[in-house]
Amino acid sequence: MSQTQTNMDVEKVFHMTGGIGETSYARNSSLQKKASDMMKHITIETIQQLYLTTTPRSLGIADLGCSSGPNTLSFIKDMFDAVEGTSTKTSVPGPEFRVYLNDLPTNDFNTIFKALPDFYKDLGKGSKGRPSIFIAGIPGSFYGRLFPNNSLHFIYSSYSLHWLSQVPPALYDEHGRSINKGNIYISKSSPRRVCELYLRQFQEDFSLFLRSRSEEVIGGGKMVLILLGREGPDHADRGNTFFWELLSRSLAVLLSWGEIEDEKLHSYAVNFYAPTKEEIQEEVRREGSFELDQVEMFEIERSDGAKDMSYGTQVARTVRAIQESMISHHFGEGIADTLFDNYGRLVDQEIAKEDIRPITFLLVLRKIMI
């Protein structure tokens with residue numbers, strides 16, 4: 001059996017494109033930043049309330065799926081400012097901050113670490129000495145334990161939990177070919193079994209995530225989780241799922257040009273799932289360690305792209321920064337430029353016909369006191 005993505009180790013291969021080059025995640029994560037900023041007020045209110053009710057001397061915070069761009073340092077500054085501001089207003093002594101940045105071992109942590117000296121300097125402006133904040137990188141999958149028992153007060157994860165720990169293994173037959181022929185994710189032509197396999201993988205992964213965090217978060221601690229999802233029961237909607245449909249079409253074009261092999265195309269699938277609100281709620285209820293205090297659904301307003309690029313090109317660069325590691329590993333290094341040029345054009349063509357409406361969920365969860 002040939003090497004397929006079903007036995008590709010996601011933890012060793014999957015990562016956002018590192019560095020600060022033109023195709024890096026650091027340069028192509030503005031869509032995620034825009035979405036997180038829309039919901040920032042909820043995140044800030046959550047950590048302020050948590051701080052006032054727990055008033056810890058040492059506040060443990062983790063960003064799970066931090067990647068390598070500027071967004072994680074922006075999040076740390078927002079949390080620091082929120083807690084320090086609350087401390088000043090209430091005359092409660094400010095805590096020291098323990099901040100843990102987590103992602104898969106292949107993540108480019110060095111880009112973050114190189115930015116820390118300037119970050120500390122900016123954070124300490126107007127105060128005496130360096131602020132009491134300690135930042136560390138924690139490599140590893142969040143589908144499993146990462147931290148000691150009861151060591152965290154607040155967990156944040158932005159645009160990470162829709163990534164599965166693996167492509168559902170049963171998606172492949174004994175010859176390594178996908179039963180979801182011609183598709184890299186769920187589409188209108190996908191057999192019902194494909195939807196069931198992806199849902200089951202999400203349930204297993206999300207339950208393991210909650211169970212692992214329940215050991216690490218103190219009673220009454222909070223989590224703010226932001227992830228892509230879908231609005232209704234139809235898996236093949238014109239939202240997040242449709243972007244994968246367009247990437248499937250772009251790969252099919254390369255197949256017709258002879259730039260990729262048929263076997264390679266029919267053995268590729270993405271480790272992604274866009275759940276509904278009900279699927280999320282059911283898994284939280286079933287696992288039982290957290291109370292779901294708040295669920296918000298957002299539809300991110302589409303911009304017309306940057307000055308020098310269309311919306312389709314902006315989407316293509318974002319998806320490339322996320323998917324290039326997996327695509328290059330599977331198909332080879334040489335196809336990315338052509339593939340994502342085609343993809344950007346397809347997104348622009350479809351947007352001109354009818355809007356694409358990707359849905360985002362924000363969850364606020366509270367660890368149940370035992």
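**Helix packing, core and loops in a predicted model**

The protein has eleven helices and seven strands, where helices (H or I, at least four residues) and strands (E, at least two) are DSSP runs numbered from the N terminus. This is a predicted model in which local features need pLDDT of at least 70 and side-chain atom pairs count only at pLDDT 80 or more, while totals for chains, interfaces and linings use all residues. Residues are numbered from 1 along each chain as its sequence is written, and side-chain values use heavy atoms, with hydrogens and water left out.

Q: What share of the residues of the protein count as buried?
A: Buried means under 20% relative accessible area, exposed over 50%, and partly exposed in between (1.4 Å probe, protein chains only). Of the 370 residues of the protein, the share that counts as buried is 57%.

Q: How are helix 10 and helix 11 oriented to each other?
A: Axes are lines fitted to C-alpha atoms, for helices over the stretch in contact, and angles run from 0 to 180 degrees between N-to-C directions. The axes of helix 10 (residues 311–331) and helix 11 (residues 336–353) are 8 Å apart, at an angle of about 140°. Angles under 35 degrees count as roughly parallel, over 145 as roughly antiparallel, 65 to 115 as roughly perpendicular and the rest as oblique. Helix 10 and helix 11 are therefore oblique.

Q: How do the residues of the contact of helix 10 with helix 11 divide by class?
A: Contact means heavy atoms within 4.5 Å; Y311, V315, A316 and V319 are among the residues that helix 10 contributes, and F340, Y343 and V347 are among those of helix 11. Ala, Val, Leu, Ile, Met, Phe, Trp, Tyr, Cys and Pro count as nonpolar, Asp, Glu, Lys and Arg as charged, and the others, Gly among them, as polar. The division is eleven nonpolar, three polar and four charged.

Q: Which residues touch the most other members of the largest nonpolar core?
A: A nonpolar core is a set of buried Ala, Val, Leu, Ile, Met, Phe, Trp, Tyr and Cys residues joined through side-chain atoms within 4.5 Å. The largest such core has 105 residues, and those touching the most other members are Y198, F206, F209 and Y343.

Q: Which residues is Y343 in contact with, leaving aside its neighbours within four places in sequence?
A: Y343 belongs to the helix 11 side of the contact with helix 10. With its neighbours within four places set aside, its partners are F243, L246, L247, S250, V315, A316 and V319.

Q: How are helix 6 and helix 9 oriented to each other?
A: The axes of helix 6 (residues 192–216) and helix 9 (residues 277–287) come within 10 Å and cross at roughly 45°. Residues that meet there include F206 and L210 of helix 6, and I280 and V284 of helix 9. The two helices are therefore oblique.

Q: Is Y159 buried or exposed?
A: Y159 is placed in the loop between strand 4 (152–158) and helix 6. Its phi is near 55°, a positive value in a residue other than glycine. Because its relative accessibility is 12%, Y159 counts as buried.

Q: Is S91 buried or exposed?
A: S91 has a phi near 60°, positive in a residue other than glycine, and sits in the loop between helix 4 (71–90) and strand 2 (96–103). With a relative accessible area of 66%, S91 is therefore exposed.
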